[in-house]
Amino acid sequence: MDDSAPAPGLGAGEQHGGALARAMVLLRSRMRHGEVGLIVLASVVGAATGLLVAGIGRASWSIQAALFALSPTERLSGSTGLHRPLALLAPAAGGLALALLGLLIARIAPRTRQPVDPIEANALHGGRIPARDGIEVVAQNVLSNGAGASVGLEAGYTQAGATAAALFGEWLGLRRSDLRLLVGCGAAAAISAAFGAPLTGAFYAFELVIGTYSLAGFLPVVTAALAADGVISALNGPPVALLIGEVAPIGPGFYPMSLLLGVVAGLVAIGIMRAVGIVETLLRPVPGFFRPMVGGLVVGLLALTATRAVLGAGHGALHLVLDLDLSLKALLVLLVAKAAASAISVGAGFRGGLFFASLLLGAVLGRVGGELAAALGARPEVLDAGLWATAGMAAFGAAIVGAPLAMTFLVIETTGAFAPALAVLPAVAAAALTVRRLFGFSFATWRFHLRGEAIRSAHDIGWVRDLTVGRLMRHDPRTAPLGMSVADFRAAFPLGSTTRVVMLDQAGHYAGIVLVSEAHALPEDGPGLDTLLHHQNAVLTESMDAKAAMALFDASGAEALAVVAPVTSRVTGLLTEAHLLRRYGEELERRRQDETGLNG
């Protein structure tokens, strides 16, 4: 038979379909196994993310241009031709549109949880992000930023890149550890494309989204960041550098000032993060539908009464801060107004983050520090305005974002100023330490805390939640009615047959646990089984995770506990502490091996 001829009973289309299916199986196998396949996959994710970032940025700017009549080269926060009524009404109108979008989403597909973001995905869900969550966050972020709310687009960028990576990785059937790494690649690509800074994107992913640095993950993450940077450069041209001018030689006297600046930046950052919660509390009496509109009105008033630089993320304002010789009064007004606008925007429900706002606030804080140092008679070699702004940007960014190395590299890559890098590090370290010791959260993890999630980093704790009592318990525990006589109990459960028996009351509900050895030690004419009950009030439920179960074992001192249904109190299983600890240890070791690449 001619090998090229269709097989009997199969059409040519069916044969081609089978060949395509086999090719897809082979592609998935190659991508799932081997470092080279993962690097290729990371480059695809990086290129796709670069396209997404370009589209998101263009969509947001188009809304701003339409609302605020911007010229093609203008940035909203640096515009000089804003119309006064529009500046007041546009953020409020954007808040109303955001509320309407939320109602539409709730009507089409009601949700019972917040959208999953990249850090939460890697910490709790093994890197899985629903497509709906990505689309929803991006749409809300574009609308919020486009209307002039004081939020950046970085949340939408990273959500888009991470969601694309997660969907692609799930389609290929990647292992949990590889999927988490690929989500990090998507986030790295997003930040790289947003700032034209591949090293910043890579270390952002390692510090925030992946949660650890590894040699196995270095090449895929850097590849994704470089691919995104290449795509965005091809579409938009080289990124506009943040020019801080030529920095004079740095004297040793600047390092103590850099440390002090870092501490102040950390304290101000904590204040802003606390302010977001305060704004949410103050707006709680306002119906949820109207909260973004109220927040937008306040932001518009700040733009009218203080400075228009509070509008948008702050790209244009940052260039003005770095390029112009602003007075101390102007800097302080901008610092207070931008901090207030950012806290109000996020607290009122606008979608976005404080990534770029932290850079603007840091640059302003640095310039304020330089002005104060000059007023106090500091030596000229430590008064370089560009150096103070650079240190402030890195320090404040590290305090808010929670990625010290990423923020250090961001300042270096976006300013092209390598000489001040050493002087920036004390400020970054001091800011990060201040926030960690006095507050304990970055802005992203603080938001999780406000929602009741115990997430402090992207370290994978989701597997602990998956390791539930329902998965670990024995489903056929030995049971007996509490009214059984001691003699009947001994006959039913002789020594050596089982260690413990779960006792049930007359209604079949859990009553406690009786140890068989203790029942056989009772005298013939002694008390009944009800005197031998243990752990009447200490029970497990199937939904408890391993850590919650271990805490209950520790508190009760039990070696085994019954598993009961929450409402009916019916016994559904039994779990021993020894089995729980053994399974937890085995799973922990397997996850550790996955993270270090020992399983393939």
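Accessible areas here come from the Shrake-Rupley method with a 1.4 Å probe, and for residues only the protein chains shown count as cover. By that method, the accessible surface of this protein comes to about 26,400 Å². Carbon and sulfur atoms hold 63% of that surface.

This is a predicted model, in which local features need pLDDT of at least 70, side-chain atom pairs count only at pLDDT 80 or more, and totals for chains, interfaces and linings use all residues. Residues are numbered from 1 along each chain as its sequence is written, and side-chain values use heavy atoms, with hydrogens and water left out.

## Overall build

The protein has 24 helices and 5 strands. Both are DSSP runs numbered from the N terminus: helices (H or I) have at least four residues, strands (E) at least two.

How much of the protein is buried? Buried residues are 50% of the 600 residues. The word "buried" means under 20% relative accessible area, "exposed" means over 50%, and "partly exposed" lies in between (1.4 Å probe, protein chains only).

Contacts (heavy atoms within 4.5 Å) tell another part of the story. Among those in the protein with a separation of 6 or more, 72% join residues 24 or more positions apart.

## Nonpolar cores

In soluble globular proteins, nonpolar side chains tend to be buried together. A nonpolar core is a set of buried Ala, Val, Leu, Ile, Met, Phe, Trp, Tyr and Cys residues joined through side-chain atoms within 4.5 Å.

The largest such core has 81 residues. Tyr204, Phe355 and Leu359 have the most contacts inside it. Helix H15 (residues 385-401) gives this core its largest share, 12 residues.

Which residues does Leu359 contact, leaving aside neighbours within four places in sequence? They are Phe195, Leu318, Met393, Met407 and Leu410. A second, separate core has 32 residues, among them Ala54, Leu153, Leu172 and Ala190.

## Aromatic rings

A pair of aromatic rings is described by the distance of the centres and the angle of the planes. Rings of Phe, Tyr and Trp (its six-membered ring) pair if their centres lie within 6.5 Å; planes under 30 degrees apart count as stacked, over 60 as edge-to-face and the rest as tilted.

The whole structure holds 11 aromatic pairs. In one of them, the ring centres of Tyr213 and Phe218 are 6.2 Å apart and the planes meet at 70 degrees, so this pair is edge-to-face. Tyr213 is partly exposed, at 44% relative accessibility. Phe218 is also partly exposed, at 29%. Ring pairs link Tyr213 and Phe218 with Phe203, Phe206 and Phe409 into a cluster.

## Salt bridges

Side chains of opposite charge can pair when their charged atoms come close. In a salt bridge, a side-chain nitrogen of Lys or Arg is within 4 Å of a carboxyl oxygen of Asp or Glu. The structure holds 5 salt bridges, including these:

| Glu136 | Arg132 | 3.5 Å |

Glu136 and Arg132 both sit in helix H5 (residues 131-146). They are 4 residues apart, about one turn of the helix. Glu136 is buried at 9% relative accessible area, whereas Arg132 is partly exposed at 31%.

Asp178 is buried, with a relative accessible area of 10%.

Which parts does the bridge between Asp325 and Arg367 tie together? Asp325 lies in the loop between helix H12 (315-323) and helix H13 (328-347), and Arg367 lies in helix H14 (residues 355-375), so the pair ties together parts that are 42 residues apart in sequence. Asp325 is exposed at 72% relative accessible area, but Arg367 is buried at 6%.

## A loop residue

Thr498 lies in the loop between helix H21 (486-492) and strand S2 (500-504). Is Thr498 buried or exposed? Thr498 is buried, with a relative accessible area of 17%.

Not counting residues up to four places away in sequence, Thr498 touches Arg478, Phe493 and Val516. Thr498 and Val516 are 18 residues apart in sequence. In space, their C-alpha atoms are 7.1 Å apart.
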